[in-house]
Amino acid sequence: MNGCDWIALINPDAFIALDWLEQLQDAANRNPGFSFFGSTLLVANSPDMLDGTGDVYHMSGLAWRSAHGTARRTARRTARFNAPTIEHEIFSPCAAAALYRRDAFLKVGGFDEDFFCYMEDVDLGFRLRLAGHRCMQIPAAIAHHVGSASSGGQHSDFATYHGHRNLVWTFVKNMPAPLLWLLLPLHLALNVMTIIAISMRGQTRTILRAKRDALRGLSHAWRKRGEIQRTRVARSAEIWCLLNERISLKRRG
C-alpha cells in the first residue's frame with residue numbers, strides 16, 4: 001500500500017462496473033471532507049434489485065444494509081431509503097465494494113482480525129466515525145454482489161456464528177459512554193430476541209456458541225475499547241445522531 005492515497009476494497013463475490021473506481025475517485029476529489037465512500041450494490045443475479053446502499057447501525061447494536069432487497073425503481077420513488085439515487089452521508093459502507101482514505105484506514109488500525117468476517121466493515125466504519133471521519137454513499141459507483149457466496153448463505157451456521165458474535169464486540173468496543181450504558185439494556189434485549197428467533201429456525205447450538213464466545217472475548221474487546229475511546233474525536237452527541245432508532249428492526253442481509 002506504499003505510495004497510494006486510497007484503498008479500494010472489492011469482495012471476491014462482487015463484480016464492479018467499468019467506471020466504478022472512476023466514480024469513487026471523482027467523488028473523493030469533490031468531497032475532501034469525507035474519508036470513505038460506499039457503492040450501490042445490486043443483487044448479482046437480479047440487477048433490478050438493490051443489495052444495499054450503505055450500512056445502517058441501530059442503537060441496539062444491530063446493523064443492516066440500507067434498501068437491501070428493494071427494487072431500484074421503488075427506491076427511486078420514495079424517501080424511505082434516504083434517496084439512494086443522490087449522494088448522501090451514511091454511517092459506513094459495505095466493504096464488499098468501498099473506498100477508504102489510506103491514512104485514515106491505517107490510523108484506526110484497519111480491520112480487526114479477531115472478527116475474521118461479518119460486521120468487520122461496520123466495526124471499521126464505527127472506529128473511523130469515532131476518529132472524526134465521515135462516509136458518503138455514491139449511487140453512480142455500481143457493483144453487483146452475490147452476497148455470502150463463500151459462507152454458505154446469510155443464514156448458514158458460519159454466517160450466523162460470526163455475525164452474532166461480532167455484533168456484541170462491535171457494540172462493546174465502539175459505543176461511547178454514556179451511550180454504552182444508556183443503550184446496554186436495549187443491546188441485551190436484542191441478544192435475547194436473536195437467540196430466541198435463531199433457535200426457532202433450528203440453529204440453537206450455533207447462536208448459543210456465538211454468544212458464549214462473544215462473552216469469552218469480552219475482556220479482550222474491553223481492552224481494545226480503552227484505546228479506541230481514549231483517542232476518539234467525535235462527541236457522544238454526534239454518534240447519537242448517526243444511530244438508527246427505528247422500532248421495527250431489520251436483519252442485515
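A strand here is a DSSP run of at least two residues marked E, numbered from the N terminus. The model shown in these close-up views is predicted.

**View 1. The second largest cavity and its lining.** The structure holds two cavities of 30 Å³ or more. The second largest cavity has a volume of about 40 Å³. Its lining consists of G38, S39, L41, G52, T53, G54, P93, C94, A97 and Q137. Strand β3 gives the most to this lining, with three residues. Sorted by class, the lining of the second largest cavity has six polar and four nonpolar residues, and no charged residues.

**View 2. The second largest pocket.** About 430 Å³ of space lies in the second largest pocket. The pocket is lined by 20 residues, and those closest to its centre are K107, V108, G109, I228 and T231. Sorted by class, the lining of the second largest pocket has nine charged, seven nonpolar and four polar residues.

**View 3. Helix α1 and its buried face.** Helix α1 covers residues 20–30, and W20, L24, A27 and A28 in this helix are buried. Seen down the axis of α1, these buried residues fall within an arc of 100 degrees, so they line one face of the helix. Turned away from the buried side is a face of α1 that carries the exposed residues E22 and N29. The cover over the buried residues of α1 includes the strands β1 (6–10), β2 (14–16), β3 (36–43), β8 (97–101) and β9 (135–145).

**View 4. Helix α7 and its length.** Helix α7 spans residues 204–216, which is 13 residues. From its first C-alpha to its last, α7 reaches 18 Å, close to the 18 Å expected at 1.5 Å a residue.

View 5. Which residues of α7 are buried? They are T206, I207, A210, K211, D213 and A214. Seen down the axis of α7, the buried residues fall within an arc of 165 degrees, so they line one face of the helix. The buried residues of α7 pack against the helices α5 (157–174), α6 (179–200) and α8. On the face of α7 turned away from its buried side are the exposed residues R205, L215 and R216.

Definitions and conventions
Residues are numbered from 1 along each chain as its sequence is written. This is a predicted model: local features need pLDDT of at least 70, side-chain atom pairs count only at pLDDT 80 or more; totals for chains, interfaces and linings use all residues. Side-chain values use heavy atoms; hydrogens and water are left out. On a 1 Å grid over the protein atoms alone, a cavity is a set of points where a 1.4 Å probe fits but cannot get out, and a pocket is an open set with protein on both sides within 12 Å along at least five of seven lines; lining residues have an atom within 4 Å of a point. Grid points are joined across faces, edges and corners, and a volume is the space filled by probe spheres set on the points. Ala, Val, Leu, Ile, Met, Phe, Trp, Tyr, Cys and Pro count as nonpolar, Asp, Glu, Lys and Arg as charged, and the others, Gly among them, as polar. Buried means under 20% relative accessible area, exposed over 50%, partly exposed in between (1.4 Å probe, protein chains only). Helices (H or I, at least four residues) and strands (E, at least two) are DSSP runs, numbered from the N terminus. The arc is that of the directions from the helix axis to the C-beta atoms. Contact means heavy atoms within 4.5 Å. The expected span of a helix is 1.5 Å times one less than its number of residues.
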